[in-house]
Amino acid sequence: MYDVMIIGAGPVGNYLASLLASRLKVFVIEQKGSFGGKACTGIIGAESYEKLGLPKKAVINSFRGARFYSKIQSFEIERKTPQAYLVDRKILEKELAREAIKKGAEYSLETRFMGFKNGRALLQKHGELFEVEAKFYVGADGVSSRVAKEIGARAKGEFLPGFEMEVVGNFERKEFVEVWVNKELNKDFFFWVAPIDEGLARVGTIGKLDSLYAFMKMRMLKESSAVEFKAGSVGIGVRKPWVKGNVALVGDAALQLKPLTAGGIAYGMFCAHGLAYAIKQGNLKLYENICKDIKREIAFGLRARKLFRNLNQEKIEDIFEILGSREAVEVIEQTADFDEHAKTIKALLKHPKLLAKLLKISPTLIRYLL
Ligand SMILES: Cc1cc2nc3c(=O)[nH]c(=O)nc-3n(C[C@H](O)[C@H](O)[C@H](O)COP(=O)(O)OP(=O)(O)OC[C@H]3O[C@@H](n4cnc5c(N)ncnc54)[C@H](O)[C@@H]3O)c2cc1C
């Protein structure tokens with residue numbers, strides 16, 4: 001019998017395994033035969049990356065700034081040091097799994113979780129069914145989590161497709177991410193261009209594929225210059241409960257992602273720390289309370305996302321005019337935190353002049369955020 005069985009060896013499942021394996025008997029299963037491969041740009045806040053102790057080997061580029069574009073204007077936020085890293089997900093996941101295995105975790109690839117049967121996990125490998133028992137089970141099996149279904153967890157939110165391409169082009173400013181907000185091309189989300197180097201970038205959006213093609217045309221990037229295409233999905237909202245009996249959900253399975261950017265790697269890993277503590281204490285009830293800061297961030301992000309969804313392009317232009325002002329750029333440059341959006345938004349709303357301007361755009365919604 002294992003102490004913990006982790007279902008899903010994505011970044012969060014592997015990270016959790018690496019946190020637990022030196023103290024407990026850990027078994028990780030993964031339905032695929034190798035790591036990585038998921039549609040994911042791989043941008044992680046630099047501060048979180050250091051705090052989480054993630055492997056430098058997986059970093060393929062660093063960003064120290066971002067340029068924001070609306071339909072007709074743009075502004076830039078710049079810092080001297082890296083604010084975010086671009087990672088190779090395959091290397092990241094493999095390195096974390098390697099660490100977990102070195103500490104004693106056992107892995108089984110090509111093994112699919114089928115459900116629970118009399119308190120045991122029913123698994124399938126190469127057509128054969130078998131059962132495995134553990135004291136605790138963790139669903140780290142992504143947004144369409146089978147484990148979540150098994151424990152009757154319910155989700156309230158949006159489930160959207162996401163697309164990403166690696167495109168050959170000219171990206172001279174490789175230390176800057178581009179963020180494009182154009183509601184006429186995509187009402188659900190922004191577009192991003194994240195350079196890997198001066199000649200290659202990851203370009204993507206959440207929403208419709210047609211909108212990504214339309215954006216690429218506008219950005220003068222050619223679909224015929226893509227060297228990789230990936231499609232996936234994101235769940236933006238709340239899935240409850242995270243714990244039932246001796247089963248817990250973590251990462252995308254628990255919808256632990258930033259509603260404004262759909263980034264889930266850092267939040268999932270911070271929650272993995274909380275879950276690892278609860279498991280080591282033998283009490284899963286501690287888990288949700290330890291993750292209350294992330295829960296609060298997600299709740300704030302959901303309110304900010306609602307605000308974003310209700311804005312038309314005209315209002316986006318008004319907001320860009322305010323955010324591009326010298327005062328706003330100063331506030332953003334001082335407070336911007338890649339993984340704590342509430343901090344920056346609250347700092348902007350605390351600035352009397354900026355608040356007055358923002359209130360003119362949408363008083364009800366700004367008050368709702370406050
Ligand atoms: C287009 C796009 C771009 C994104 N960009 C970013 C970004 O830049 N930064 C960021 O932080 N996040 C990004 N995300 C979100 C990010 O991909 C997820 O938050 C992250 O992958 C969550 O990790 P996870 O380990 O929880 O789940 P996953 O990465 O989904 O891993 C789950 C694993 O479980 C396995 N599995 C599933 N079901 C079973 C089963 N029944 N049995 C066994 N194994 C199973 C899967 O094969 C998979 O390996 C993006 C998402 C999309 C769609």
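The legends below walk through an overview and several close-up views of a predicted model.

Here is how to read them: residues are numbered from 1 along each chain as its sequence is written, and side-chain values use heavy atoms, with hydrogens and water left out. Local features need pLDDT of at least 70 and side-chain atom pairs count only at pLDDT 80 or more, while totals for chains, interfaces and linings use all residues.

Helices (H or I, at least four residues) and strands (E, at least two) are DSSP runs, numbered from the N terminus. The C-alpha trace spans about 60 × 45 × 35 Å along its principal axes. The radius of gyration is 21 Å, which agrees with the value near 21 Å for a compact globule of 370 residues; this radius is taken over C-alpha atoms, and the globule rule is 2.2 Å times the number of residues to the power 0.38. Of the 370 residues, 54% are buried, meaning under 20% relative accessible area, with exposed over 50% and partly exposed in between (1.4 Å probe, protein chains only). Take the contacts (heavy atoms within 4.5 Å) between residues at least 6 apart in sequence: 70% of them join residues at least 24 apart.

**View 1. An open sheet of 7 strands with mixed pairing.**
Follow the strands in the order β6-β5-β14-β15-β16-β13-β17; two strands pair if DSSP finds at least two bridges between them. At the edges stand β6 and β17, each with a single partner strand, so one side of each has no neighbour in the sheet. On average, neighbouring strands are turned by 20° against each other, direction ignored. Helix α8 (residues 292–309) lies across β13 (154–168) and β17, and runs at about 115° to β17. Axes here are lines fitted to C-alpha atoms, for helices over the stretch in contact, and angles run from 0 to 180 degrees between N-to-C directions.

**View 2. Strand β14 and its two partners, β5 and β15.**
On one side, β5 (residues 65–69) pairs with β14 in the parallel sense over 5 bridges, and A66 stands opposite V177. On the other pairing, β14 (residues 176–180) runs antiparallel to β15 (residues 191–197), joined by 3 bridges. Here E178 has V193 as its bridge partner, and V179 stands opposite W192. In a regular strand the side chains alternate between the two faces of the sheet. In β14, F176, E178 and W180 point one way, V177 and V179 the other. The strand is mostly covered, with 5 of its 5 residues buried.

**View 3. Aromatic pairs, 14 of them in the structure.**
Rings of Phe, Tyr and Trp (its six-membered ring) pair if their centres lie within 6.5 Å; planes under 30 degrees apart count as stacked, over 60 as edge-to-face and the rest as tilted. Y49 and Y85 have ring centres 5.2 Å apart and planes at 80°, so the pair is edge-to-face. Y49 belongs to helix α2 (residues 46–52) and Y85 to strand β7 (residues 84–87), so this pair ties together parts 36 residues apart in sequence. Y49 is buried at 0% relative accessibility, and Y85 is buried at 8%. For W242 and Y287, the centres are 5.6 Å apart and the planes at 40°, so the pair is tilted. W242 sits in the loop between β17 (226–240) and β18 (243–244), and Y287 in helix α7 (residues 286–290), 45 residues apart. Both W242 and Y287 are buried.

**View 4. An aromatic cluster of Y69, W180, F191 and F215, and charges over rings.**
R67 lies over the face of Y69, 5.9 Å from the ring centre. K183 lies over the face of F308, at 4.1 Å from the ring centre. A charge sits over a ring if NZ of Lys or CZ of Arg is within 6 Å of the ring centre and within 35 degrees of the ring normal.

**View 5. A buried lysine, K258.**
K258 lies in the loop between β19 (247–249) and α6 (265–280). Its relative accessibility is 4%, so K258 counts as buried. Leaving aside residues up to four places away in sequence, K258 touches G263, Y267, F338, D339 and H341.

**View 6. The buried residues of helix α10.**
In α10 (residues 326–335), these are E327, A328, V329, V331, I332 and T335. Among the elements covering them are β6 (74–78), α9 (313–323), α11 (341–350) and α12 (352–361).
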